[in-house]
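Here is a protein model to look over.

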Amino acid sequence: MRVLFVGHGPAHVPWIIPLAWACRLAGHEVRVAVRPQCVAPVTRAGLVAVPVGDEAATAEVAARQLGLGPGRLKAAAESVAVLDADLSEALIEKMIAVADTLTDDLVDFARFWRPDVVVHDTAAAAGLVAAAAIKVPAVGHTWGVSLGVHCESEAELRPSYAKLFERFGADPVVGPSVWIDPCPPGLRPPHGVRRADMRYIPFAGPAALPEWLRSERPSGRPLVCVTGGVTTTALDEVRDHVVRSLLDLDTDVVLAVTPEQAANTGQLPDGVRMVESFPLDVLLAHCDALVHHGGVGSGLIAVTHGLPQLLLPRNAFQEHWSHLVRASGAGTALPADAEEGAVGAAVQDLLTRPSYRERSKALRAETDRMPTPDQLVGFLEECVRAGHTDVPTPEETGRR
């Protein structure tokens, strides 16, 4: 079986790596089509990348500002929050516009390589076009949030979406979709698309374990990780005051930063370490809590380790994830510019109130029960045999 994965931006690439490797280990051929700026992360993962699109043209569209600032969240219920409707509409149209810069190259490659199935990031609508052009099943793959391009019925067919398919003589993909979703149900808001659950396996590249993570830390104090993620500068402006707030507690602190952030970091106070371009999954195995910007990847890695988390969101996406984590009981949230005393008090609460860790461990247990990527390979094989995606997911098969 030939499987064509279609990625989106740099922050999205790690989400598709585990399933891509599961397909390779099952003996299937795999190619990963991405924008030129995403080629290096794919090849570092040991996979074959296919550059598609002109990076300058795609970047120009991707850089369009949509007003993602805080306050664009609408509480629909106690445990559910959704993005502002106008913002959601603008995001989907932006995804379609990005796809329009990629489809020529992607369809050309699909027609040449002839994959049996296309697995596309739900934000990468170009994957739907490529699948339609060669008449093979298309399976979505979320990036932890329930947002992406899909069309469940003729009534939902938007002109910009239909236009993507027209120049290739293909019919728009319309009808029930299926998305492979690594987000545990306890953190997943309701959505109309059918899901194929898959256990979240964090991927952040290779690392050498430093000496201080190979033995018990001499201080014996809780270790709190602070990060703004690997693809954002979300906490750069407030990181120093976040660290100061934690030093007033009886904790040790580790900063997880990018090379650019490391270059702009001065002398660190006693009790604070810094790791550069280090896999968060490996680091959090040694930590007791996480303070972060509200990134879904950072948050789900904390879940895989059963860690409580404090979120300091700076945009609507981050607010959305923060709302879900707080509603689950696995963490809490504050405005990113919260005073030092408030940040310190919130982290102290995370470390001392048992309910946060209990709920975090419950989410970890829920994650551990989800089908592993190798089980989803069988699902993709069934989709190819059937010629469509309306086949039982591993979870549905297990319930029979």
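The questions below set values for helices, salt bridges, a pocket and some backbone angles against their definitions.

Q: What kind of model is this, and how are its residues numbered?
A: This is a predicted model, where local features need pLDDT of at least 70, side-chain atom pairs count only at pLDDT 80 or more, and totals for chains, interfaces and linings use all residues. Residues are numbered from 1 along each chain as its sequence is written, and side-chain values use heavy atoms, with hydrogens and water left out.

Q: What makes the span of H12 close to the expected one?
A: The expected span is 1.5 Å times one less than the number of residues. H12 covers residues 316-328, so 13 residues, with 18 Å expected. From first C-alpha to last, H12 reaches 18 Å. Helices (H or I, at least four residues) and strands (E, at least two) are DSSP runs, numbered from the N terminus.

Q: Why is H12 called mostly covered?
A: Ten of its 13 residues are buried. Buried means under 20% relative accessible area, exposed over 50%, and partly exposed in between (1.4 Å probe, protein chains only). Among the buried residues are His320, Trp321, His323 and Leu324.

Q: Which residues of H4 are buried?
A: They include Leu87, Leu91, Lys94, Met95 and Val98.

Q: What makes Asn315 a cap for H12?
A: Asn315 caps the N-terminal end through a side-chain oxygen, 2.9 Å from the backbone nitrogen of Gln318. A polar contact is a pair of N or O atoms within 3.5 Å; within protein, one must be able to donate a hydrogen and the other to accept it, and residues adjacent in sequence count only if both atoms are side-chain atoms. Just after H12, Gly329 has a positive phi of about 85 degrees.

Q: Why is the pair Arg158 and Glu93 called a salt bridge?
A: A salt bridge is a side-chain nitrogen of Lys or Arg within 4 Å of a carboxyl oxygen of Asp or Glu. Arg158 and Glu93 meet at 2.8 Å, N to O. Arg158 lies in the loop between S7 and H7 (159-166) and Glu93 in H4, so the pair ties together parts 65 residues apart in sequence. Glu93 counts as partly exposed because its relative accessibility is 28%. The salt bridge count comes to 15.

Q: What does the pair Asp252 and Arg217 tie together?
A: Their side chains meet in a salt bridge at 2.9 Å, N to O. Asp252 lies in S11 (residues 252-257) and Arg217 in the loop between S9 (194-197) and S10 (223-227), so parts 35 residues apart in sequence are tied together. Asp252 is buried, at 9%. Arg217 is partly exposed, at 22%.

Q: Which residues do salt bridges with shared partners join into one network?
A: Asp181, Arg188, Arg195 and Asp197. Arg188 and Asp197 pair with their closest N and O atoms 2.9 Å apart.

Q: How do you know whether Arg188, Asp197 and Asp181 are buried or exposed?
A: Their relative accessible areas are 18% for Arg188, 5% for Asp197 and 1% for Asp181. Arg188 is buried, as are Asp197 and Asp181. Asp181 sits in S8, and its side chain reaches the backbone nitrogen of Cys183 at 2.9 Å.

Q: What makes up the lining of the second largest pocket?
A: On a 1 Å grid over the protein atoms alone, a pocket is an open set of points with protein on both sides within 12 Å along at least five of seven lines, and lining residues have an atom within 4 Å of a point. The lining here has 24 residues, with Pro137, Ala138, Val173, Pro176 and Thr389 nearest the centre. H6 gives the most, three residues.

Q: Why is Lys135 called exposed?
A: Its relative accessible area is 74%. Lys135 lies in the loop between H6 and S7, with phi near 60 degrees, a positive value in a residue other than glycine.

Notes: On a 1 Å grid over the protein atoms alone, a cavity is a set of points where a 1.4 Å probe fits but cannot get out, and a pocket is an open set with protein on both sides within 12 Å along at least five of seven lines; lining residues have an atom within 4 Å of a point.
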